[in-house]
Amino acid sequence: MADDAATVYERQGWGRRLGFGERPAVIVIDMQNDFCDPDAPTTLWPSIGEAIDPIRRLCEAARARGLPVIYSQGLVAADGSSAGLWTLKQRDHGEGRIQIEGSRGAAIVDELAPEAGDRVIRKWRPSAFFRTDLEVFLAARGIDTLLFCGTSLSGCVRATAVDAFMRDIRPIIVREGVVDRSPDVLEANLFDLDQKYADVVGLEEVLAALQKPG
């Protein structure tokens with residue numbers, strides 16, 4: 001009988017810890033009404049509702065320490081011209097119904113509204129690094145660690161985390177702050193990211209790390 005995944009990965013030496021760097025920032029991925037409203041066509045409700053309070057606590061802790069809090073906002077131009085291959089891959093993108101620039105659905109949810117001093121990165125593809133100015137702001141603050149939360153883990157969170165890894169910025173996935181449309185998909189991506197590209201860490205451990213002098 002074949003070994004289970006955890007055994008195979010452990011035997012091959014995957015899953016070692018990246019650890020926290022010296023200059024972290026929080027990045028909140030796509031916590032928008034089109035993913036959070038219970039009746040939205042692309043909703044992640046109800047699991048996404050359970051992530052709001054952990055994300056809020058993480059952001060508050062970062063602000064209290066003067067650390068950057070960055071939001072990504074996934075958008076499609078009102079005329080649909082920026083949607084790209086999403087129009088072929090996903091029905092509601094094809095119909096021009098979701099993440100439309102300027103719409104309520106594209107807005108970040110009120111419960112997690114950015115505050116003065118926070119940074120919002122408008123993005124047009126899954127990764128918040130792709131053709132945006134995110135790297136400019138990270139470099140200006142010398143950020144070496146990104147604390148990830150938001151939605152969906154298998155989509156835009158993963159794309160941005162892998163892009164961070166490729167830039168030698170440590171991705172830390174805050175376990176209670178990420179969700180997906182299926183528990184199976186969520187757990188598979190948590191496992192895979194934790195083995196290859198990121199550390200998956202519980203909220204309380206992250207909050208404790210933020211309290212350490214430094």
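## Helix α7 and the largest pocket

Helix α7, which spans residues 153-166, gives the most to the lining of the largest pocket, with 4 residues. The structure described here is a predicted model.

The space in this largest pocket is about 420 Å³. Its lining is made up of 24 residues, and those nearest the centre are Phe35, Trp86, His93, Gln99 and Cys156.

At alanine 159, α7 bends by about 25°. Just after the helix, aspartate 168 takes a positive phi of about 60°.

Several residues of α7 are buried, including Leu153, Cys156, Val157, Arg158 and Asp163. The buried residues of this helix pack against the strands β1 (24-29), β3 (119-123), β4 (145-150) and β5 (170-178), and also against helix α8 (183-196).

Aspartate 199 belongs to strand β6, which covers residues 199-201. Is this residue buried or exposed? Aspartate 199 has a relative accessible area of 3%; because this value is under 20%, the residue counts as buried.

The side chain of aspartate 199 takes part in a polar contact of 3.5 Å with the side chain of arginine 17. The aspartate 199 side chain also reaches the backbone nitrogen of leucine 18, at 3.0 Å. When residues up to four places away in sequence are not counted, aspartate 199 touches Arg16, Arg17, Leu18, Gly19, Pro171, Ile172, Ile173 and Asp194.

Methods:
Residues are numbered from 1 along each chain as its sequence is written. This is a predicted model: local features need pLDDT of at least 70, side-chain atom pairs count only at pLDDT 80 or more; totals for chains, interfaces and linings use all residues. Side-chain values use heavy atoms; hydrogens and water are left out. On a 1 Å grid over the protein atoms alone, a cavity is a set of points where a 1.4 Å probe fits but cannot get out, and a pocket is an open set with protein on both sides within 12 Å along at least five of seven lines; lining residues have an atom within 4 Å of a point. Grid points are joined across faces, edges and corners, and a volume is the space filled by probe spheres set on the points. Helices (H or I, at least four residues) and strands (E, at least two) are DSSP runs, numbered from the N terminus. Buried means under 20% relative accessible area, exposed over 50%, partly exposed in between (1.4 Å probe, protein chains only). A polar contact is a pair of N or O atoms within 3.5 Å; within protein, one must be able to donate a hydrogen and the other to accept it, and residues adjacent in sequence count only if both atoms are side-chain atoms. Contact means heavy atoms within 4.5 Å. The bend at a residue is the angle between axes fitted to the seven residues ending there and the seven starting there.
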